[in-house]
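Visitor: Hi! I'm new to this one and would like a quick tour. Can you bring it up for me?
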Amino acid sequence: MGSATHEEIIRTLYTQYLNHYKTSDADDRWRLDDYEIRTIDASRLVEAQINSGAFDFVAAVAYSVKPSVFLYSHWNAGSAQTGDNGWVNTGTLVGVFIKNGAYHLVRTGY
């Protein structure tokens, strides 16, 4: 991802993260039918607010998920808001660090 922006890198990494929950390996309470990453805010304001220095860059990610099983889904917890047709709107803070030329994503909060 040589010339990719921080937003593009985070979108790719968070897409990989969410794709795992669309597989049969995911626990029923976490499994997703679909998801959509709505926004990625990697602005300097977010950087100043949440980067403790442990990450090469950070962002706030807003996304929506459609849990396979809505009742008792882990996606409904915390600050998540129920949207239309079984979708859940939520978000998280993420940090990315680079080690040995590879990008690593860490969810740092909600």
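Predicted model: local features only at pLDDT ≥ 70, side-chain atom pairs only at ≥ 80, totals over all residues.

Visitor: Where is the place of Val106?

Guide: Val106 belongs to strand 5, a stretch that covers residues 102-109.

Visitor: And does Val106 count as buried or partly exposed?

Guide: Partly exposed, because its relative accessibility is 30%. The cut-off for buried is under 20%.

Visitor: Which residue stands opposite Val106?

Guide: That is Gly95. There is also Val96, 10 residues away from Val106 along the chain, and the C-alpha atoms of these two are separated by 6.2 Å. The bridge partner of Val96 in strand 5 is Leu105.

Visitor: How do strand 4 and strand 5 pair?

Guide: They pair in the antiparallel sense, over seven bridges. The two strands form a hairpin with two residues between them, and Asn100 in that turn has a positive phi of about 55°.

Visitor: What about strand 3 and strand 4, how many bridges join them?

Guide: Two bridges, and the strands run antiparallel. Strand 3 consists of residues 81-82, and its Thr82 has Val88 in strand 4 as a bridge partner. Here too there is a hairpin, with five residues between the strands. Asn85 sits in the turn and has a positive phi of about 55°.

Visitor: How many bridges do strand 2 and strand 4 have?

Guide: Nine, again in the antiparallel sense.

Visitor: Changing topic: how many residues does the largest nonpolar core have?

Guide: It has 21 residues. Those with the most contacts inside this core are Ile10, Leu18, Val61, Tyr63 and Val65.

Visitor: Which elements give two or more residues to this core?

Guide: Helix 1 (6-20) does, along with strand 1 (32-41), strand 2 (57-67) and strand 4 (88-99).

Visitor: Can we zoom in on Leu18? What does Leu18 touch, again not counting residues up to four places away in sequence?

Guide: Leu18 touches Leu32, Tyr35, Ile37, Tyr63, Val65 and Trp75.

Visitor: Great, thanks for the tour!

Methods
Residues numbered from 1 in each chain as written. Heavy atoms only, no water. Core = buried A, V, L, I, M, F, W, Y, C linked by side-chain atoms within 4.5 Å. Buried < 20%, exposed > 50% of the residue type's maximum accessible area, 1.4 Å probe, protein only. Helix = DSSP H or I, 4+ residues; strand = E, 2+ residues; numbered from the N terminus. Contact = heavy atoms within 4.5 Å. Pairing = 2+ DSSP bridges.
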